[in-house]
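This briefing walks through one protein model, topic by topic, for a reader who is new to structures. Please keep the sequence and the 3D view open while you read.

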Amino acid sequence: KLVDGTKEEAKETDKLKLLIQEQNKERKKQVKESLGLVDAYSKESAKLRELKKDYKNLVLAGKGASAQAKNLKASITALDKKLVKLDASVNDNFRSIGKYTNAFNGLKSKVLSLAGAMGITTGAFALFNGLGKQITLIKDFEKANATLAGVLGQTKEKTKELTDSAIELGSVLPVSASAITELQTAYARLGFSQEEILKLQEGTIKGSIALNASLEDTATLVGAVVNSYDSLSASDTEHIMEVLASSTTKTALSFEKLNTALPIVSSAANSLNIPLEEVTATLGNLVDAGVDASTAATSLRKVLLTSAKLGRPYQDILADIQAIEDPTERAAKATEVFGLTAAGTALILAQNAEEVANLTTELETSLTVQQLLDKQMDTLDGSLKALDSAWEAYILRAGESIGVSTILKESVGFLAKNLT
């Protein structure tokens with residue numbers, strides 16, 4: 001009994017302490033108000049709390065439908081709107097903290113879904129490190145496609161076929177989708193349409209790998225050839241690459257030499273209906289003879305244009321020169337017809353006419369790109385590039401399927417709007 005009595009006294013003492021604390025709190029509040037130490041905002045906030053407290057008491061007492069309760073509710077609503085508007089005017093977002101919490105939870109859920117789709121499932125550091133890289137990849141790819149659409153003068157929606165083809169080719173070839181989009185953009189800058197680019201890209205990619213050349217440089221060369229020849233179009237890309245690739249295996253030509261020489265002589269050759277295969281074979285023969293690519297192209301162009309001016313096929317003129325038995329007289333004739341700068345080239349071609357003709361025939365039917373491509377792929381570097389491009393394609397497809405771009409734009413927009 002003594003123990004029970006002591007417990008009861010302790011309970012009563014605690015109640016008394018609480019009552020005293022409440023009374024002291026109320027006195028301090030009254031003193032502050034009387035001395036003008038409570039600002040207007042605090043008063044209004046306190047008033048709102050008191051109104052809410054009174055309303056709840058009425059509801060608990062079963063008077064929620066009474067006129068008094070309705071008046072209290074109206075007062076609460078009006079005062080709350082007033083304070084919310086004030087908070088917004090000074091950019092105070094705390095009153096909406098519940099909404100922000102829900103939004104952040106939604107953002108967290110979306111980020112975790114995105115990470116899961118990309119195979120990132122363990123550890124906060126791994127999550128944000130790995131996810132950050134993938135988000136950057138998606139962001140850069142989207143930006144590159146926006147640039148492509150701008151160059152083509154189209155919306156991104158209308159260039160989606162190019163976007164999809166970049167991802168598809170990136171999944172099966174050792175070239176990233178982003179690099180393919182840059183290739184597409186390079187062709188767009190050269191004036192090719194979306195339909196033409198779709199025909200140009202795969203052959204260009206395979207050819208660039210076979211020739212160990214950059215996509216941009218390959219696109220520039222192929223574009224120059226297609227634009228120079230009336231008989232060639234985007235549909236002939238694979239054959240063009242076969243001719244170029246084969247010439248590098250049968251002569252001393254390289255991609256760099258072709259890239260230097262062909263743009264110099266192609267327009268002249270086209271005007272005289274001399275096909276790409278013959279021009280390439282001729283350049284290869286000259287380079288084999290020790291003539292540098294630029295000189296070979298410039299002097300060949302002069303041979304072609306001079307022959308046209310004389311109204312005769314250049315092969316006939318070269319045959320006439322080669323028929324001269326005396327070497328000195330032969331050289332003099334070549335100089336007389338083509339001038340000092342092109343005489344040496346004319347003499348080489350006159351002597352090697354049969355070789356050029358045979359090589360031309362070989363280039364017309366040669367299939368070399370796939371062989372060179374297979375050799376490039378049969379290396380550690382080729383395998384790693386194939387893995388990288390396949391992984392990128394997977395990430396871009398996963399991102400597209402769950403709407404990563406939209407999620408990120410909405411999330412960033414939310415943060416920019418509310419964390420200021």
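This is a predicted model: local features need pLDDT of at least 70, side-chain atom pairs count only at pLDDT 80 or more; totals for chains, interfaces and linings use all residues.

How are H11 and H13 oriented relative to each other, roughly parallel or roughly antiparallel? They are roughly parallel to each other, because the angle between them is about 10 degrees and angles under 35 degrees count as roughly parallel.

**The protein as a whole**

- The secondary structure of the protein comes to 20 helices, with zero strands.
- The protein has 420 residues, of which 38% count as buried.
- When contacts between residues at least 6 apart in sequence are considered, 69% of them join residues that are at least 24 apart.

**The pair of helices H11 and H13**

- Helix H11 spans residues 255–271 and helix H13 spans residues 293–310, and where the two pack, their axes are 8 Å apart.
- On the H11 side, the residues that meet H13 are Lys 257, Thr 260, Ala 261, Ile 264, Val 265, Ala 268 and Ala 269.
- On the H13 side, the residues that meet H11 are Ala 293, Ser 294, Ala 297, Thr 298, Leu 300, Arg 301, Leu 304 and Leu 305.
- Sorted by class, this contact of H11 with H13 is made up of ten nonpolar, three polar and two charged residues.

**Ser 299, a residue of H13**

- Ser 299 is found in helix H13, and it counts as buried because its relative accessibility is 4%, where buried means under 20%.
- The side chain of Ser 299 reaches the backbone oxygen of Thr 295 at 2.7 Å, and the side chain of Ser 299 also makes a polar contact of 2.5 Å with the side chain of Thr 345.

**Gln 184, a residue of H7**

- Gln 184 lies in helix H7, which covers residues 177–189, and Gln 184 is buried, with a relative accessible area of 0%.
- The side chains of Gln 184 and Ser 165 are joined by a polar contact of 3.4 Å.
- Apart from neighbours within four places in sequence, the residues in contact with Gln 184 are Leu 148, Leu 162, Ser 165, Ala 166, Ile 197 and Gln 201.

**Salt bridges**

- Side chains of opposite charge can pair when their charged atoms come close.
- A search of the whole structure finds seven salt bridges, and one of them is formed by the side chains of Lys 139 and Asp 140, with 3.0 Å from N to O.
- Lys 139 is partly exposed, with a relative accessible area of 47%, and Asp 140 is partly exposed too, with a relative accessible area of 39%.
- Lys 156 forms a salt bridge with Glu 142, and the closest N and O atoms of this pair are 3.6 Å apart.
- This pair links distant parts of the chain, since Lys 156 sits in the loop between helix H5 (124–152) and helix H6 (160–172), while Glu 142 sits in helix H5, 14 residues apart.
- Lys 156 is partly exposed at 34% relative accessible area, and Glu 142 is partly exposed at 27%.
- Lys 160 and Asp 164 are joined through their side chains by a salt bridge of 2.9 Å, N to O, and both residues lie in helix H6, four residues apart, about one turn of the helix.
- Lys 160 counts as partly exposed at 40% relative accessibility, and Asp 164 is partly exposed with a relative accessible area of 32%.

**Two asparagines with positive phi**

- Asn 212 has a phi near 55 degrees, which is a positive value in a residue other than glycine, and the place of Asn 212 is in the loop between helix H8 (194–210) and helix H9 (215–228).
- Asn 212 counts as exposed because its relative accessibility is 59%, where exposed means over 50%.
- Asn 273, although not a glycine, has a positive phi of about 60 degrees, and Asn 273 is placed in the loop between H11 and helix H12 (276–288).
- Asn 273 counts as exposed, with a relative accessibility of 70%.

Note on methods. Residues are numbered from 1 along each chain as its sequence is written. Side-chain values use heavy atoms; hydrogens and water are left out. Buried means under 20% relative accessible area, exposed over 50%, partly exposed in between (1.4 Å probe, protein chains only). A polar contact is a pair of N or O atoms within 3.5 Å; within protein, one must be able to donate a hydrogen and the other to accept it, and residues adjacent in sequence count only if both atoms are side-chain atoms. Contact means heavy atoms within 4.5 Å. A salt bridge is a side-chain nitrogen of Lys or Arg within 4 Å of a carboxyl oxygen of Asp or Glu. Axes are lines fitted to C-alpha atoms, for helices over the stretch in contact, and angles run from 0 to 180 degrees between N-to-C directions. Angles under 35 degrees count as roughly parallel, over 145 as roughly antiparallel, 65 to 115 as roughly perpendicular and the rest as oblique. Ala, Val, Leu, Ile, Met, Phe, Trp, Tyr, Cys and Pro count as nonpolar, Asp, Glu, Lys and Arg as charged, and the others, Gly among them, as polar.
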